[in-house]
Amino acid sequence: MDQITFLLILAGGFVAGAFGALLGLGGGILLIPFLTLVVGVPMHQAIATSIIAVIATSSAGAAINLERHIVNIRLGMLLEVATVLGAILGGITANNLSSGALTKLFSILLFVVALIMLFKIRFKNNQNKVYDEGSLPGTYFDSSSGKFIHYTVKKIPATFFVSLVAGNVSGLLGVGGGIFKVPAMHILSAIPMKAATATSNFMIGVTAAASAFIYFAHGHMNPFIASTAALGVLAGSVVGIKISKKIHSNLLTWIFIIVLLGVSIQLYFR
Amino acid sequence: MNEVELKSRNKQQNTEKWVAIILKIGVWTSGLLMISGLVIAAILPSTITQFSENPSLGNLFASLFSNNINSVALMFTGLIVLMFTPILRVLMACIGFSIERDWRFMIVSLIVLLMLIGEIIYSIFI
């Protein structure tokens, strides 16, 4: 790897991590198209690289969220049974698919993510929920309202099923899968957004580890690319989280939706 | 909150604390290994040794503790430490739930742990 490629991957990873954190996505959604379209990394290698970056950002973020007691560790462990199973199957499937097929599947994923983000803008701030009458109770301190929030988890089987799908997509295409799990936890299981996001992020590292070894065994981990991208994404996500407290703009999400659709079309017809 | 509930909450927070510590140690160790591998590779290109694409743990350890610095082995070790970090945190949750005597979630964590171990064994034999 020459110095220009190194700097390109480091910068690309940083931007992917920062925007991922700003928009509430992992870095993978942006990192994979960047690596394949801009740097020319083969698809399987780009997915393996993204998985490493996902483990790094999830682990670093989860450590902070655990100390703030926002993570519902029991719910996370329970849903991990689904995500890990899905991810192992996804990882095995991906390594038996051609690079072209994976690229097409990834472009469809980008399209679906763009639709979910569109849906999120329309149904934002669905705060008037009653957080009781379920199981696995959680309590955390909400710094923005200055109150302790108590909640319980409803309809666990439905969220368990969505987690299985999210885990499968994670193993197959190297993204975290939070884009599917967080809405499921919030809408189906009636978990407050903050706890849902923190618990999903907590699970993502284990989900990614569930396919990482399979990609490693197939020789898709390039130590130079994976190390550089992981460090870039990690640094970018730290900066993104800091900025996200100051930026609350739908404009950014709209721009991102258009970018996603554009990249999706470009990948599909590649 | 009565005394029994308070004790149970303290134990829960201990599990959270230990899981967080494992994650931090894993991220820092792997981050430092990857950075040192990249920096050494940039300064001393002679340390870049061609490695098999999927080196075994035995090969990696042999390269790490040989007299010649191998920057690629450092990066690979960083990646492997990172890949094992979530697995160790599942193990830690399993131990934490045992201490809390929450057998239901101890078994849940154990199932996740066994699936991950199964994945590693599968990966070794592909």
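**View 1. Helix H3 of chain B is mostly covered.** Of its 29 residues, 21 are buried, meaning that 20 or more other C-beta atoms, placed from the backbone, lie within 10 Å of a residue's own. The model is predicted; local features need pLDDT of at least 70 and side-chain atom pairs pLDDT 80 or more, while totals for chains, interfaces and linings use all residues. Residues are numbered from 1 along each chain as its sequence is written, with chains lettered from A and ligands numbered from 1 in written order.

**View 2. H3(B) bends at B:Thr85.** The helix, a DSSP run of H or I with at least four residues, numbered from the N terminus, covers residues 71-99. First to last C-alpha, H3(B) reaches 41 Å, close to the expected 42 Å (1.5 Å times one less than its number of residues). The bend is about 30°, taken between axes fitted to the seven residues ending there and the seven starting there. B:Pro86 follows within four residues. After the helix comes B:Arg101, with a positive phi near 60°.

**View 3. Chain A meets chain B.** Contacts (C-beta atoms, placed from the backbone, within 7 Å) join 37 residues of chain A to 38 of chain B. Helices H3 (43-67), H4 (73-94), H8 (193-217) and H9 (223-244) of chain A each supply at least two residues of the chain A side.

**View 4. A:Ile52 sits in the largest nonpolar core.** This set of buried Ala, Val, Leu, Ile, Met, Phe, Trp, Tyr and Cys residues, joined through C-beta atoms within 7 Å, has 117 members. H8(A) gives the largest share, 16 residues. Leaving aside residues up to four places away in sequence, A:Ile52 touches A:Ala212, A:Ala226, A:Ala230, B:Leu79 and B:Leu82.

Note on methods: Buried ≥ 20, exposed ≤ 12 C-beta atoms within 10 Å, placed from the backbone. Contact = placed C-beta atoms within 7 Å.
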